[in-house]
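Look over the sequence and the structure first.

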Amino acid sequence: MAGRFAPRPTRTTTRGGHLDVPPEQLDLGLTLGPLRRGPHDPTFRTTPTGEIWRASRTPEGPGTLRVRVQGAEVETDTWGPGAAWLDEQLPALLGAEDDPAAFVPRHRLLLAAHRRRPGLRLTRTGLVLESLIPSVLEQKVTTTEAYGSWRRLVRQYGEPAPGPAPEGLYVMPDARTWARIPSWEWHRANVDGKRAATIVRAARVAPRLEEAAHMPPPEARGRLELIPGIGPWTSAETVQRSNGAPDEVTTGDLHLPGIVGWALAGDRTADDATMLELLAPYEGQRHRAARLILLSGRTPPRQAPRLAPNDITRI
């Protein structure tokens, strides 16, 4: 528990030049938003004043990060055994390793979206398991179901975030704990046996998977996909966050091909092959292109009701 550690407050004031990201060109919400798993994610909190709090399990232990933009500076506070690691990782987390200038819009919609979102940077967390596990939970279920499962498991098996964190902010469980969650607790968290088994297999080889954060994205995806139950959809969703991969577009998604097809060609029936063909002019930046399309709000009209969440806990 957090109380076992003496909170180690660390304040760093990082100027835009140091980060290579001027604060006026950094939108914290857009940049860190993909790390939030639903409005009630216990590892992520946004305050009315624009501060973002994150609790992470770093290689050095649990850590809490508070980040905000204040005038011409990006200010952060970190606490816990993982504080120094979070400080070191901060520039990558805020997109300092990202190069938005490499993106050249070739469609009007993307040109407009790119201009309206000058503060978008692709984050790189350097942590694989914290993105992999919620991505597995999101496999072939509604986001409502996946977010609920993530929330319950983190609160039940994680630990309160160190430092003066907001009430209810938690650090996710460590790999050993994930691997030892009983089958009935997975069921109570509305996670079927297939997804639970995939997470357990991943947790048992967590050190090898964490190495993928330092690999080129295609190699990182290959490492993840060695685990039965982890396919192209899950590996892409993971390395987009852990590795800050601008070209790793998500395939196998129920909605994304139709959204991309509609936005770029008026084709709501587009499949993965069509989507990749449409995104081919953005090779090297295909994930950024897809992200900007989603942010543009240009989506096809709904033709069917939303999928109803499935509750296996009643079975």
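Which residues lie nearest the centre of the second largest pocket? They are Arg57, Thr58, Pro59, Leu127 and Glu210, out of 17 lining residues. The model is predicted, so local features need pLDDT of at least 70 and side-chain atom pairs count only at pLDDT 80 or more, while totals for chains, interfaces and linings use all residues. Residues are numbered from 1 along each chain as its sequence is written, and side-chain values use heavy atoms, with hydrogens and water left out.

**Second largest pocket**

- A pocket is an open set of points on a 1 Å grid over the protein atoms alone, with protein on both sides within 12 Å along at least five of seven lines; a cavity is a set of points where a 1.4 Å probe fits but cannot get out, and lining residues have an atom within 4 Å of a point.
- The space in the second largest pocket comes to about 330 Å³, where a volume is the space filled by probe spheres set on the points, and points are joined across faces, edges and corners.
- At least two lining residues come from each of β3 (52-58), α5 and α10, and α10 gives the most, with 3 residues; helices (H or I, at least four residues) and strands (E, at least two) are DSSP runs numbered from the N terminus.
- The lining has 9 nonpolar, 4 polar and 4 charged residues. Here Ala, Val, Leu, Ile, Met, Phe, Trp, Tyr, Cys and Pro count as nonpolar, Asp, Glu, Lys and Arg as charged, and the others, Gly among them, as polar.

**Cavities**

- The whole structure has 2 cavities of 30 Å³ or more.
- The largest cavity has a volume of about 110 Å³, and of its 13 lining residues Leu35, Thr43, Arg54, Glu130 and Trp150 lie nearest its centre.
- β3 and α5 are the elements that give two or more residues to this lining, and β3 provides the largest share, 4 residues.
- By class, the lining of the largest cavity has 5 nonpolar, 3 polar and 5 charged residues.
- The second largest cavity has a volume of about 50 Å³, and its lining includes Arg54, Leu127 and Glu130.
- For the second largest cavity, two or more lining residues come from β3 and from α3 (83-93); α3 gives the most, with 5 residues.
- The lining of the second largest cavity divides into 6 nonpolar, 3 polar and 2 charged residues.

**Cores and helix α5**

- The largest nonpolar core has 34 residues, and Leu132, Trp178 and Trp186 touch the most other members. A nonpolar core is a set of buried Ala, Val, Leu, Ile, Met, Phe, Trp, Tyr and Cys residues joined through side-chain atoms within 4.5 Å.
- Helices that each supply at least two residues of this core include α5 (129-137), α6 (143-157) and α9 (193-204).
- A second, separate core of 20 residues includes Ala113, Leu120, Ile259 and Leu279.
- In α5, 9 of its 9 residues are buried; buried means under 20% relative accessible area, exposed over 50% and partly exposed in between, with a 1.4 Å probe and protein chains only.
- What covers the buried residues of α5 includes β3, α10 and α12 (232-242).
- Leu132 touches Ala202, Leu209, Ile230, Thr234 and Thr238, leaving aside residues up to four places away in sequence; contact means heavy atoms within 4.5 Å.

**Tryptophan rings**

- There are 4 aromatic pairs. Rings of Phe, Tyr and Trp (its six-membered ring) pair if their centres lie within 6.5 Å; planes under 30 degrees apart count as stacked, over 60 as edge-to-face and the rest as tilted.
- The rings of Trp150 and Trp178 are stacked, because their centres are 6.2 Å apart and their planes are at 10°.
- Trp150 lies in helix α6 and Trp178 in helix α7, so this pair ties together parts that are 28 residues apart in sequence.
- Trp178 and Trp186 also have ring centres 6.2 Å apart, with planes at 25°, so they are stacked.
- Ring pairs link Trp150, Trp178 and Trp186 into a cluster.

- Thr251, in the loop between α12 and α13 (256-265), is buried, with a relative accessible area of 18%.
- The contacts of Thr251 include Pro232, Trp233 and Met275.
- Gly258 lies in helix α13 and is buried, with a relative accessible area of 10%.
- From C-alpha to C-alpha, Gly258 and Met275 are 7.9 Å apart in space, and they are 17 residues apart in sequence.
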